[in-house]
Amino acid sequence: MIRKAQLPLQTANLVVGFMVWVLISSLLPFIIEDISIPAEKLAIVTAVPIVLGSILRIPLGYYANIFGARLIFLVSFILLLFPVFYISEASTFTDLIIGGTFLGIGGAVFSVGVTSLPKYYPKEKHGLVNGIYGMGNMGTAISTFAAPVLATQIGWSMTVKLYLILLLIFAALNFVFGDRKEVKVKTPIVEQIKGVYKNEKLWFFSLFYFITFGSFVAFTVFLPNFLVTYFELEKVDAGMRTAGFIAVATFLRPVGGWLADKFQPLFLLMGVFFGLTVAAIILAFSPTIALYTVGSMLIATTAGIGNGVIFKLVPFYFNKQAGIVNGIVSMMGGIGGFFPPLLLSVIHSMTGSYSIGFMAFSQVALVSLVLVVWLYYMDRLSMSVEVFNSTGQGILVTDASGTIESVNPAFTRLTGYSEEEVVGRNPNILSSGKQSKEFYTTMWSQIGEEGLWQGRMWNKKKSGEEYLELLSISVVKDDSGDVTRYVGTFSDITPSGGEGSRLI
């Protein structure tokens with residue numbers, strides 16, 4: 001019963017955490033009526049919670065493995081009571097900065113669930129499960145829509161105080177329904193970091209999430225005030241439009257996870273970054289609210305799917321270090337939401353336009369698309385190398401002239417020759433002298449005509465021991481039909497006891 005409750009409970013926890021995380025940006029149009037904030041500092045107020053919310057994701061992801069999600073969520077909600085109350089009593093720009101910094105805890109809890117929940121499900125469901133959990137992003141939509149509505153009735157200060165009640169309720173729910181028996185992983189954090197920081201996939205996934213989740217967060221905090229000031233929409237209307245953006249991105253997140261369970265995730269990411277590139281170009285040249293809506297919705301669609309896909313990839317490639325990797329990747333996503341609003345504000349103050357900022361974003365998305373394509377082919381190449389090295393048959397590759405280019409570990413095991421001893425030499429170093437010239441003439445004639453030969457041959461190991469092998473030689477040609485190399489695969493079929501009698 002408790003185990004089954006973890007997915008809905010932790011998803012609800014994330015909803016609450018994100019509701020608190022965007023509290024200031026959701027109410028900013030009301031707050032600036034009471035607190036004087038210079039126009040050039042508005043972006044700082046909305047971006048500050050993102051900083052701590054990003055940095056804390058590493059330790060929270062790690063400690064979720066050490067202590068379990070129940071305790072981390074419980075402590076996080078209790079700690080959030082203090083900054084929420086402080087903001088409700090804020091009267092200066094400094095108060096908002098101080099309180100907003102610690103609201104970051106609400107965003108940091110994201111790494112808790114993506115670390116904890118995969119423990120309860122088989123690997124083939126991790127994409128869907130993390131996608132469902134990621135729907136907790138809806139908390140930003142709820143705050144963006146509901147907080148302005150409440151503020152028009154009871155004021156922004158009292159609206160903030162209502163969040164205290166919500167935090168207390170969920171602290172109690174985690175105390176009662178949290179899983180006390182969750183599997184714990186207690187590998188030291190330094191050891192975990194050492195085990196992953198040299199893996200280029202960690203930094204690729206971090207960059208990809210920096211773009212996808214960063215664009216989601218950036219638009220969440222950027223849109224409410226932007227729609228009011230640039231398009232002169234009503235505050236509640238701007239909140240509803242932003243909530244629509246968040247809803248689309250959030251509901252498509254589990255779709256992205258589900259698709260990543262079914263199809264090649266890197267292919268899906270190619271589509272994601274192509275879509276983001278097109279969307280950013282639309283935003284760079286859109287003079288009307290209609291075109292701006294099209295571009296924003298395309299951002300929401302692609303970012304939502306991309307967020308789900310990436311958190312399928314993390315546990316797939318980093319199963320044993322999922323806590324620390326989830327923390328690092330999700331931290332980079334949070335930071336990705338910090339810089340764009342500031343950058344857009346700076347560019348706007350210098351040029352009077354947001355177009356340059358959106359065009360720069362399109363180029364970053366395009367570079368990411370190229371990197372995903374490169375990663376896909378490097379992954380395939382890596383798989384080919386693994387197959388080459390792990391196969392039980394000996395493999396020998398020569399160039400068109402018959403000079404050995406590479407051999408696999410099984411070749412060394414079967415013949416006694418290391419790769420260094422044979423590369424650059426001719427395969428006749430293995431010759432036993434038992435085959436006649438006519439044998440080789442017939443063999444190469446068949447290879448030339450059919451591109452393939454298979455048969456038995458006596459050869460000699462480094463030790464001088466003769467062995468009978470079942471040998472296949474294949475021709476590799478380029479697009480013009482010219483021979484580029486020959487590939488020989490063989491097994492020891494010597495009809496005697498011991499090593500030689502086994503088909504390796």
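Helix α1 passes helix α11 in a left-handed crossing, meaning that the near helix is turned anticlockwise from the far one by less than a right angle. The contact, that is, heavy atoms within 4.5 Å, includes Leu9 and Val16 of α1 and Leu166 and Phe170 of α11. Its residues divide into 13 nonpolar, 3 polar and no charged.

Before I go on, this is a predicted model, where local features need pLDDT of at least 70, side-chain atom pairs count only at pLDDT 80 or more, and totals for chains, interfaces and linings use all residues. Residues are numbered from 1 along each chain as its sequence is written, and side-chain values use heavy atoms, with hydrogens and water left out.

Back to the helices. α1 covers residues 2-21 and α11 covers residues 156-177; they pack at an angle of about 160 degrees, with axes 11 Å apart. Angles here run from 0 to 180 degrees between N-to-C directions. The two are therefore roughly antiparallel, the term for angles over 145 degrees.

Next, the sheet. In what order do the 5 strands stand? The order is β2-β1-β5-β4-β3, in an open sheet with antiparallel pairing; strands pair if DSSP finds at least two bridges between them. β2 (404-407) and β3 (452-460) are at the edges with a single partner strand each, so one side of each has no neighbour in the sheet. β3 pairs with β4 (residues 466-477) over 9 bridges, and Arg456 has Leu470 in β4 as its bridge partner.

Finally, helix α21 (residues 437-450) lies across β3, β4 and β5, at about 150 degrees to β3.

Definitions and conventions. Helices (H or I, at least four residues) and strands (E, at least two) are DSSP runs, numbered from the N terminus. Angles under 35 degrees count as roughly parallel, over 145 as roughly antiparallel, 65 to 115 as roughly perpendicular and the rest as oblique. Ala, Val, Leu, Ile, Met, Phe, Trp, Tyr, Cys and Pro count as nonpolar, Asp, Glu, Lys and Arg as charged, and the others, Gly among them, as polar.
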